[in-house]
Each structure stands twice: as structure tokens, then as C-alpha cells.
Amino acid sequence: MINRVTVVVLDGVGVGELPDAAEYGDAGSNTLAHVAEAVGSIALPNLEALGLGHIGEFAGVRQMGHPDGCFGKMGMLSKGKDTTTGHWEMAGIVLETSFPTYPKGFPCEIIELFQQAIGRKVLGNRADSGTEIIKELGEEHLRTGSPIVYTSADSVFQIACHEQVVPLEELYQICHTARKLLAPPHQVAKVIARPFVGEPGAFVRTERRRDFSVEPPGQSLLDVLTISGQPVVGIGKIADLFNGRGLTRSIHTGNNAAGMDETVRALKEVPRGLIFVNLVDFDTLHGHRNDVVGYARALEEFDARLPELLDVMRQGDLLFLTADHGNDPTLSGTDHTREFVPLLACGPRLARGVNLGTRRTFADLGRTIVDALGAKRLAWGESFLDALLPG
């Protein structure tokens, strides 16, 4: 009955603290509720129609009597709260230990090995805001050609270079070098290329960011689907998060608008299999920058474009809308927050108004997808496919 599944991940759109949130410094976090409250009211009529109001209380979002979709939320079993961990768990890989973080910067031995490998000294080596460290060290970088290395509360090794000083392909190669060097116990989740342009006092990061993730430690949803002969299309940074593995096609996009354009195009062109999409602006542009107004606007812009996806869905389609973690911009920090994520599901021939409850793990999503598409089952997760099928 189902021959094509689309998963759209609203990066960073959490819906309330997980029971262990305090262990991560995230007590009281609720990204969507706090954004809606802070701006007074948020208009998300299309998400509302799918049942968003049944997941929690979000100012301006009503609880519909007869939603067009099925609704619930998912908890995370894996340790951590980063993008890689969230996507891996959706795809059936649960991590029992979190990726390492470096709030005081990376050890000297790591930096020395990195400098030797790339033939350049580095600047920075501390936990900091990307925009702030570029503002502070960008002029010195222009003068010396030394890459700016920094991290955050997440497990990332970020490398910022001006595009006129270090060409993009060279920056990407430098990131590949770092990725090879960062082996256990220093195996961070992601090495991130952070290109920027502009002049001192007016530096701007570009959309040519690239993420270089570690190799998934086991078979994922993407692997089992491609092994079964089904197309798997990654849009946004999906290829980066899975190190390119398990994809038959990858489309990099720089923002939500481009991600939506490519998703609509894929729905018109790809007849079966999985279309896996990450929309990053909520997290990168707004959550990390405590930009509440921008966050609310990005949510409303996505909602306004949602009918474009619904209009090109075919008989036998299943659409999931979810997230990978929280990123509450109303809290004092600028990092991810450990939260439940929304789960909305719909399709032309599927049940409506079913409460999918609170799922124990994101892996329930992956297990449901392989069941729907008739592929090999994954190691983790409990399918809720039966709840989506009409009685």
C-alpha cells in the first residue's frame, strides 16, 4: 500500500524537555512552546490541521477536532543532543555513549597533529560563537592564512576560512584531514567547514558550509533500503550526516527554501523509496543565535509552503514531519537542547486523527519506514505502521 516515504526533519524544533534534560543543562526547555509564547502567537495553520496542537500547548496553535494527520512525539534513547545522533537514531542506530565535547578547546596534541598535517598554524581553539570568533579573528586570518578552529557545547570541530584566502575545495580537504585525525577517544560527531566572506567588521558566513560526520557504526535505515534496491534521496545535509552511505542520490542545499524546492522536485520525479530531508535554518540561523523572532518567522514560512508538498503527494505516499533535537532560543545558552521531537504523519490513503502517543525512541520512525517499504528490519525500534493504516 505504501511505496514512497518522505521524512522532513525540522532541525532543532523540539517540543519539550526529556526526563533527563537537567543532566544536560536543559531543564525547562521547550523550543516550539517558548518561541510561540515569546512572539505572542504563532500562525501554523497547516501543521495545526495535521494535529500539531495535540502534541502540546503552543500559543496560536489550536487542537483540531478531526486532524488530517496522525500525531505524537518521540523521545531519544541515545546519549547526547546533536544532529548526527538524532538522525542516526531515526535511522535505527542508538548510541550508548555520547560523542566527546571540548568546552575548553581541543587538546594540544590534537591541534599539533592537525597543524602538521595541513602545514598551517591555527587560530582560536576554543568554544565560542561562530559569528563572534570570526568577527574577532577574521582580520588576523586574512593576514596570516591561519584557519580559525573552534567548537561549541556540541561535539564539533569547526574550521572557518575566508573564501578568498582558502578556496572552498581546499577548506573541504582540510576538513577531510581533520576528520581522519579525530579518531577515538577524540572522535567528534562532526567536522564542519565554515566558509565566510566580507571585510573586517562585516564578515558574513556563506551557505557553502559542509559537515563531515563519522561513519555510522552499524546498518542504518538508508543501508537496508538501498540493499533492497530502493531509491534513497538525501536532501540538505543528510549525506554529510551519514558520510554519504546508503544514498542513491544526494542534493546539498543551503537553506530551508532551497530544501523545500528540492523536496517538491523529488516528489515529482522519484516514484518510490525514501526521500530524507533536513531543513537547517531553524537551528543554524535562529536557535544558535537566540533569534526568537526569526525562529517564529521560519516556522511560519515552512508552514506556508507545506501545502506544496501535500499537493504533489500520490496514492501510496507517507509523509513524516519531525525533528532531531531541540534548540530553544529563549534560554541563556546558544546550544542544542535535549527535548522530545514532534511526530506528524499523513498520506492520501492513511488513517487520520490517530494519537501515536509518546514513542520511547526516534528509532520507532525507522522501524516503521522499513516495515512500510518491505525492507529488512532494523536492530532498534518498534513499528507503529498498523496505527497509520485505515481499519
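Predicted model: local features only at pLDDT ≥ 70, side-chain atom pairs only at ≥ 80, totals over all residues.
The side chain of Asp261 meets that of Arg305 in a salt bridge, 2.6 Å from N to O. Asp261 belongs to helix α9 and Arg305 to helix α11, so the pair ties together parts that are 44 residues apart in sequence.

That brings in the two helices, and what they lie on. Helix α9 covers residues 256–269 and lies across β1, β9, β10, β11 and β12. Its direction is at about 170 degrees to β11. Helix α11, residues 292–311, lies across β1, β11, β12 and β13, and runs at about 165 degrees to β12.

Now the sheet itself. It is an open sheet of 8 strands with mixed pairing, in the order β10-β9-β11-β1-β12-β13-β2-β14. Which strands are at the edges? They are β10, residues 249–251, and β14, residues 355–359, and each pairs on one side only. From one strand to the next, the twist averages 15 degrees.

The structure holds 23 of them. One joins Asp211 and Arg209, with the closest N and O atoms 2.7 Å apart. Are these two residues buried or exposed? Asp211 counts as buried, at 2% relative accessibility. Arg209 is buried as well, with a relative accessible area of 19%; the cut-off for buried is under 20%. Both residues are part of a network of salt bridges that links Asp11, Lys190, Arg209, Asp211 and Lys237.

Another salt bridge is formed by Arg245 and Glu215, whose closest N and O atoms are 3.1 Å apart. This pair links distant parts of the chain, 30 residues apart: Arg245 is in the loop between α8 and β10, and Glu215 is in the loop between β8 and α7. Arg245 counts as partly exposed, at 23% relative accessibility. Glu215 is partly exposed too, with a relative accessible area of 39%.

Next, a charged residue without such a partner. Glu89 sits in helix α3, residues 83–90. Glu89 is buried yet has no salt bridge, and the nearest side chain of opposite charge, Arg338, is 6.8 Å away. What does the side chain of Glu89 meet in a polar contact? The side chain of Ser78, at 2.6 Å. A polar atom of the Glu89 side chain also lies 3.1 Å from the backbone nitrogen of Phe362. Beyond its neighbours within four places in sequence, Glu89 is in contact with residues including Val94, Thr361 and Ala363.

Among the buried ones are Asp364, Arg367 and Leu373. After α12 comes Gly374, whose phi is positive, near 70 degrees.

Last, Leu181, which is found in helix α6, residues 168–181. Leu181 is partly exposed, with a relative accessible area of 31%. Leaving aside neighbours within four places in sequence, Leu181 is in contact with Leu113, Phe114 and Ala117. Ala193 is 12 residues from Leu181 along the chain, and their C-alpha atoms are separated by 15 Å.

How values were computed:
Residues numbered from 1 in each chain as written. Heavy atoms only, no water. Pairing = 2+ DSSP bridges. Helix = DSSP H or I, 4+ residues; strand = E, 2+ residues; numbered from the N terminus. Axes fitted to C-alpha atoms, helices over the stretch in contact; angles between N-to-C directions. Contact = heavy atoms within 4.5 Å. Buried < 20%, exposed > 50% of the residue type's maximum accessible area, 1.4 Å probe, protein only. Lys, Arg positive; Asp, Glu negative; His and termini not counted. Salt bridge = Lys/Arg side-chain N within 4 Å of Asp/Glu carboxyl O. Polar contact = N/O pair within 3.5 Å; in protein donor to acceptor, adjacent residues only side chain to side chain.
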